[in-house]
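Subject: Structure handover

Hello,

Here is the structure I said I would pass on. Please open it beside this email and follow along.

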Amino acid sequence: MNNVTVKDYSVSGEEFQLVFDAVLEMYKTEPQPSLEKLPSYYQSEDYISHTDTKRNLFENVYHWVRSYMLSKKMALVTQHTKTGSQQVLDIGCGTGDFLKMAQEYKWNVAGVEPDAQARKIASEKTGIQIENNDWLAEVPDESFDAITMWHVLEHVPDLQAQIATLKRIVKPNGTIFIAVPNFKSHDANHYKESWAAFDVPRHLWHFSQKSIKQLFGKQDMKVVKILPMKFDAYYVSLLSEKHKTGKMNPIKAFYRGFVSNFKAITTSEYSSLIYVIKNN
C-alpha cells in the first residue's frame with residue numbers, strides 16, 4: 001500500500017504522513033509529535049471523549065451511542081472473565097463512564113487517564129482516584145483480571161512498551177479488551193484521506209486485524225474473538241463527510257455507514273473492531 005497524506009482537521013490544520021508497514025500491515029503517523037507537544041493536539045472543545053458536553057445534535061447522538069455501548073462492553077467483559085474475578089483496569093478511561101458502570105456490576109475498578117480535565121470528571125463520577133500514565137510503571141505484576149482500552153491503543157506513543165506493560169500487569173489467563181478503528185473497512189476506503197478515524201496526529205497507529213494479532217502474539221497473547229462496533233461506521237462517516245465537504249451531510253453519512261456495515265457481513269472489515277485477547 002502507498003503512504004497517505006492526511007490533515008489534522010480538529011486542531012492544527014497540519015499535514016502528516018501515514019507510512020505503511022507491510023510486515024505488520026499497519027500505518028504509522030509521521031512525524032510523531034514529541035511527548036511535550038502531543039497534549040496540545042488534544043486542546044479542543046471538539047475533542048468529545050474528554051468532556052460530557054451536549055451542545056448540539058452531533059454531541060447528543062455521540063453520548064447516546066456511548067451510553068448504549070457501555071452495557072454491551074460490560075456484558076462482553078463479564079462474559080470473557082472468570083466468575084468471581086473482580087479487578088478491572090480501564091486505560092484511557094476518559095470521563096469514567098465505563099468505570100462507573102463496572103462499579104455498578106460490583107467490580108473493583110482502577111482507571112488511567114492522561115487528560116487532567118477528564119481525569120477530574122472521572123474521579124468525581126467514580127469516587128476513586130484516577131491515575132495518570134506514569135502510575136502504570138508502579139503497578140505490581142499480574143494485578144488485573146481484565147484490562148480495557150476502548151479506542152486508546154491508537155493514541156499510545158510507545159506501542160511496543162504499552163503492550164509489554166499489558167502483558168506484565170494482566171493475570172495469567174486474564175483478558176485484555178482492545179477497541180480500535182480499522183483502516184481496511186469500506187468507509188475508510190471510501191473516504192480515503194478524509195476518513196475521520198485517521199484523526200492525526202492524535203492517532204499515532206492505524207491497525208488491521210493482522211497487525212493486532214501479530215503485535216500481541218509477540219507477547220504470547222492470543223486474539224480469541226473479534227467483534228464489530230457497527231455504530232462507528234455511522235459516526236465516523238458523519239465526521240468524514242464534514243472533512244470532505246465542509247458539512248456533515250447526515251443522509252449521505254447514514255448511507256455510507258449502512259453500506260460499510262453491509263459489506264462487512266462478508267469481509268468482517270467493520271469500521272471499528274473489538275479484540276478479545278487472552279494472556280497465555
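Among contacts in the chain between residues at least 6 apart in sequence, what percentage join residues at least 24 apart? The figure is 71%. Keep in mind that this is a predicted model.

**The whole chain**

The chain holds eight helices and 10 strands. The C-alpha trace spans about 50 × 45 × 40 Å along its principal axes.

Of the 280 residues, 51% count as buried. The accessible surface of the chain comes to about 13,300 Å², and carbon and sulfur atoms account for 53% of that surface.

**Helix 2 and what follows**

Helix 2 covers residues 97–104, and its buried residues are Phe-98, Leu-99, Met-101 and Ala-102. Why can these be said to line one face of the helix? Seen down the helix axis, the buried residues fall within an arc of 160 degrees, so they sit along one face.

Just after helix 2 comes Lys-106, with a positive phi of about 70 degrees. Lys-106 belongs to the loop between helix 2 and strand 5 (108–112). Is Lys-106 buried or exposed? Its relative accessible area is 61%, so with the cut-off for exposed at over 50%, Lys-106 is exposed. Gln-87 is 19 residues from Lys-106 along the chain, and their C-alpha atoms are separated by 9.9 Å.

**Other positive phi values**

Lys-192 is a residue other than glycine with a positive phi, near 50 degrees. Lys-192 is in the loop between helix 5 and strand 8.

Asp-220 is also not a glycine, and its phi is positive, near 60 degrees. Asp-220 lies in the loop between helix 6 (209–217) and strand 9 (221–228). The relative accessible area of Asp-220 is 44%, so Asp-220 counts as partly exposed.

**Cis peptide bonds**

Which residue is joined to Pro-31 by a cis peptide bond? It is Glu-30, and omega of this bond is about -5 degrees. Pro-31 lies in the loop between strand 3 (26–30) and helix 1 (57–79).

A cis peptide bond also joins Val-200 and Pro-201, with omega about -10 degrees. Pro-201 is located in the loop between helix 5 (186–191) and strand 8 (205–206). Lys-192, described above, is found in the loop between helix 5 and strand 8 too.

**Val-19**

Val-19 is part of strand 2, residues 15–21. Its relative accessibility is 24%, so Val-19 counts as partly exposed. Which residues does Val-19 contact, leaving aside its neighbours within four places in sequence? They are Asn-3, Met-26, Tyr-27, Lys-28 and Glu-30. Glu-30 is the residue joined to Pro-31 by a cis peptide bond. Asn-2 is 17 residues from Val-19 in sequence, and the C-alpha to C-alpha distance between them is 7.8 Å.

Regards

How values were computed: Residues are numbered from 1 along each chain as its sequence is written. This is a predicted model: local features need pLDDT of at least 70, side-chain atom pairs count only at pLDDT 80 or more; totals for chains, interfaces and linings use all residues. Side-chain values use heavy atoms; hydrogens and water are left out. Helices (H or I, at least four residues) and strands (E, at least two) are DSSP runs, numbered from the N terminus. Buried means under 20% relative accessible area, exposed over 50%, partly exposed in between (1.4 Å probe, protein chains only). Contact means heavy atoms within 4.5 Å. Accessible areas come from the Shrake-Rupley method with a 1.4 Å probe; for residues, only the protein chains shown count as cover. The arc is that of the directions from the helix axis to the C-beta atoms.
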